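Morning, everyone. Please bring up the structure on your screens, and we will walk through a few parts of it.

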Amino acid sequence: MPDRFDLPVGFRWGAATAAYQIEGAVEEDGRGPSVWDTFCERPGAVRDGHSGTVACDHYHRYGEDIELMKGLGLDGYRFSVAWPRVVPAGAGAVNPAGTAFYDRLVDALLEAGIAPLPTLFHWDLPQGLEDAGGWLNRDTAYRFADYAAVVADRLGDRVPAWITLNEPFVHTVFGYALGTHAPGRTMMFEALPAAHHQLLGHGLAATVLHDRGLEVMLSNNLTPVEPATPSPADAEAAAAYDTLHNRLFTDPVLLGRYPDLSALGVPEDIYGAVRPGDLDLIHAPGLDGLGVNYYNPTRVAAPTTPGLLPFDLVDIPDAPHTAFGWPVVPEALTRLLLHLRDVYGPALPPVTITENGCSVTEPTTPDQPRIDFMASHLDALAQAVAEGVDVRGYYTWSLLDNFEWAQGFNQRFGLIHVDFATQRRTPRASYAWYRDLIAAHKARHAK
Ligand code: FCB
């Protein structure tokens with residue numbers, strides 16, 4: 001069984017964050033409001049009434065945070081650019097103070113020897129665009145491409161690789177179908193035009209980036225789906241869920257077509273959102289790398305209440321669970337990577353794990369569960385690499401504790417503890433463990 005030290009030479013070690021979860025400074029230097037600012041004001045929307053107004057104050061403390069990254073020996077840092085900081089209304093005027101912030105961030109990262117890997121959209125849509133329909137409005141895809149051009153023109157001389165979208169599945173389902181994330185709409189399957197428009201935005205932005213000689217990735221939240229029992233009904237339900245969670249967001253980009261959505265009761269043209277030529281716009285630019293965000297597998301059973309959803313999600317009781325209640329099944333990461341290779345074959349570009357990590361309850365437990373989580377997942381990754389999957393890097397979620405969306409500050413995912421009252425950063429045992437792992441991997445390959 002290969003272990004984490006068997007990962008290839010040049011394998012990129014990283015950590016990930018996202019703008020709204022760490023930056024704070026939401027009203028500073030001309031930043032416009034985002035859907036998350038609005039959503040956090042809605043009573044009961046976020047646990048304990050928390051918001052990202054201050055978050056980790058990274059906007060002011062990025063220098064200290066980069067020092068901590070340097071201490072880890074990171075090769076790469078994945079962060080997101082806040083669209084409302086750069087184009088406050090979502091379309092039109094550019095905010096020079098916004099682009100200047102990312103300029104400083106990128107320069108400081110390069111100075112520290114860390115490759116910046118920016119994501120253009122990690123869920124903080126400018127409120128102005130939401131007021132015009134958000135991702136349900138096709139026009140948002142074109143505004144996204146305009147914004148991509150602004151950022152790429154500013155940073156593309158120093159940043160060769162980009163991620164367009166983060167987890168369009170989660171944004172569509174939590175944000176538009178169920179309403180547990182911003183913008184808080186509860187449209188169930190009628191939310192799916194928001195998925196198509198995000199993918200269209202990805203394709204248009206990919207062309208903008210490629211035209212400038214830059215590399216493009218898309219980060220999808222992918223989950224291996226397993227039927228609860230071998231019964232045909234459970235297998236059918238599992239296939240429907242796999243279509244919704246995984247294939248809907250990956251097939252159009254890698255294969256140029258949507259999977260068959262009939263099991264979900266969704267029309268082929270996704271309620272009229274898919275226009276002739278759209279799949280070419282999404283597929284033709286190609287993808288230089290697939291970003292995989294992996295947290296857990298999903299067990300699926302046939303629905304107990306027919307007519308609502310074509311599946312039920314059930315727990316995996318035999319697995320340990322994180323503080324969030326997510327099952328910990330590292331070997332499912334091996335399965336997921338082999339499955340991607342089998343399903344997409346030569347259409348699968350090199351993979352980068354752009355998120356993987358766990359929240360740990362504090363202060364009652366030490367940090368060992370996080371170390372065990374990372375070690376076991378890196379072993380599972382090495383196994384997939386040994387079996388021939390081309391995986392180029394691993395970005396742990398997250399560098400530091402942050403605003404965990406609807407959970408507020410109640411889920412601690414960081415290698416670095418943050419005291420949100422004082423903004424004091426304290427590296428955890430997992431920080432030292434990851435630092436030593438990176439150093440040992442490099443030393444081994446230097447021999
Ligand atoms: C992912 C999100 C990321 C973070 C982790 C825990 O779905 O992309 O922002 O919240 O989950």
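A word on terms first: helices (H or I, at least four residues) and strands (E, at least two) are DSSP runs, numbered from the N terminus. This is a predicted model, where local features need pLDDT of at least 70, side-chain atom pairs count only at pLDDT 80 or more, and totals for chains, interfaces and linings use all residues. Residues are numbered from 1 along each chain as its sequence is written, and side-chain values use heavy atoms, with hydrogens and water left out.

Start at Ala429. It lies in helix α14, residues 429–446. Buried or exposed? Ala429 is partly exposed, at 44% relative accessible area. For the cut-offs, buried is under 20%, exposed is over 50%, and partly exposed is in between, with a 1.4 Å probe and protein chains only. Leaving out residues up to four places away in sequence, Ala429 touches Asp367 and Ile371. Contact here means heavy atoms within 4.5 Å. Tyr142 is 287 residues from Ala429 in sequence, and 45 Å from it in space, C-alpha to C-alpha.

Next, strand β5, residues 215–221. Of its 7 residues, 6 are buried, so β5 is largely enclosed by the rest of the structure. Which strands pair with it? Strand β4, residues 161–166, runs parallel to β5 and is joined to it by 4 bridges. Strand β7, residues 289–293, also pairs with β5 in the parallel sense, over 5 bridges. Pairing requires that DSSP finds at least two bridges between two strands. To place them on screen: Ala161 stands opposite Glu215 in β5, and Met217 stands opposite Gly289 in β7.

Now helix α8, residues 168–178. Here 9 of 11 residues are buried, so α8 is largely enclosed by the rest of the structure. Among the buried ones are Phe169, His171 and Tyr176. What covers them? The cover of the buried residues of α8 includes β3, α6, β4, α9, β5 and α10. After α8 comes Gly179, with a positive phi near 80°.

Last, two of those covering helices. Helix α9 (residues 192–211) packs on helix α10 (residues 232–255) at about 35°, axes 10 Å apart. Axes are lines fitted to C-alpha atoms, for helices over the stretch in contact, with angles from 0 to 180 degrees between N-to-C directions. From α9, Leu192, Ala195, Leu199 and His202 meet Leu244, Leu248, Phe249, Pro252 and Val253 of α10.
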